[in-house]
Amino acid sequence: SKSSEEIKQQNSELSEKVHSLVSKNSAMKLDMEDLHKKLEMAELMIQQFSSQAGSLDANQQLQMALEEKASLETQVAQLSESLHQLQVERDQYVEKLKEERNIWQQRVQQLSEQVHTMAEEKEKHMAQIRELEANVTEL
């Protein structure tokens, strides 16, 4: 039975090693597939460059690349300017909203004060009416 236990232990260890190797094998297969895809992409790019190189010399390719770079730089500059303009407009809009908010706050404050004043006047008038009614009742 001791030998049987040792064999079971060894079997378990070997099973873990096999499982580990299977996992590594799967990972390597995935890596290999990725590398094959990258290789295919590289081959396609080489074909594209070689077909372009056949029709254009290096100076022409360089000139085209420089023109594309200049075009992209122009687009970046235009986008940067547009972004700056939008930021300025946004800041102006925020400032206008703050001013309007202040105006409305002042208006609300004024109306609140008017309501308070009118309530006090109403209370005074009600007191006068009660006093006059009391006088009328005495008379």
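How many helices and strands are there in the protein? There are 2 helices and 0 strands, where helices (H or I, at least four residues) and strands (E, at least two) are DSSP runs, numbered from the N terminus. Before we go further, a word on the model: it is predicted, so local features need pLDDT of at least 70 and side-chain atom pairs count only at pLDDT 80 or more, while totals for chains, interfaces and linings use all residues. Residues are numbered from 1 along each chain as its sequence is written, and side-chain values use heavy atoms, with hydrogens and water left out.

Let's start with the overall dimensions. The radius of gyration of the protein is 44 Å, whereas a compact globule of 139 residues would have one near 14 Å. That radius is taken over C-alpha atoms, and the globule rule is 2.2 Å times the number of residues to the power 0.38. Along the principal axes, the C-alpha atoms fill a box of roughly 125 × 80 × 15 Å.

Of the 139 residues, 0% are buried; buried means under 20% relative accessible area, exposed means over 50%, and partly exposed lies in between (1.4 Å probe, protein chains only). The protein exposes about 13200 Å², and carbon and sulfur atoms supply 58% of that area. Accessible areas come from the Shrake-Rupley method with a 1.4 Å probe, and for residues only the protein chains shown count as cover.

Charges come next. The protein carries 16 positive and 26 negative side chains, and the centres of the two sets lie 7 Å apart. Lys and Arg count as positive and Asp and Glu as negative, with His and the chain ends not counted; each charge is placed at NZ of Lys, CZ of Arg, CG of Asp or CD of Glu.

Some of these charges pair up. The count comes to 3 salt bridges, each a side-chain nitrogen of Lys or Arg within 4 Å of a carboxyl oxygen of Asp or Glu. One of them joins Lys69 and Glu73 at 3.8 Å, N to O. Both residues lie in helix H2, 4 residues apart, about one turn of the helix. Lys69 counts as partly exposed because its relative accessibility is 48%, and Glu73 does so at 46%.

Further along, Arg90 sits in helix H2, which spans residues 58-138. Arg90 forms a salt bridge with Asp91, their closest N and O atoms being 3.0 Å apart. Arg90 is partly exposed at 48% relative accessibility, and Asp91 is partly exposed at 43%.

Finally, the record: an unreviewed UniProt entry annotates residues 78-139 as "domain: Golgin subfamily A conserved". UniProt positions are given in the numbering used here, feature names are shortened, and annotations may be inferred rather than shown by experiment. Over residues 78-139 the chain is 98% helix and 0% strand, and the end C-alpha atoms are 90 Å apart.
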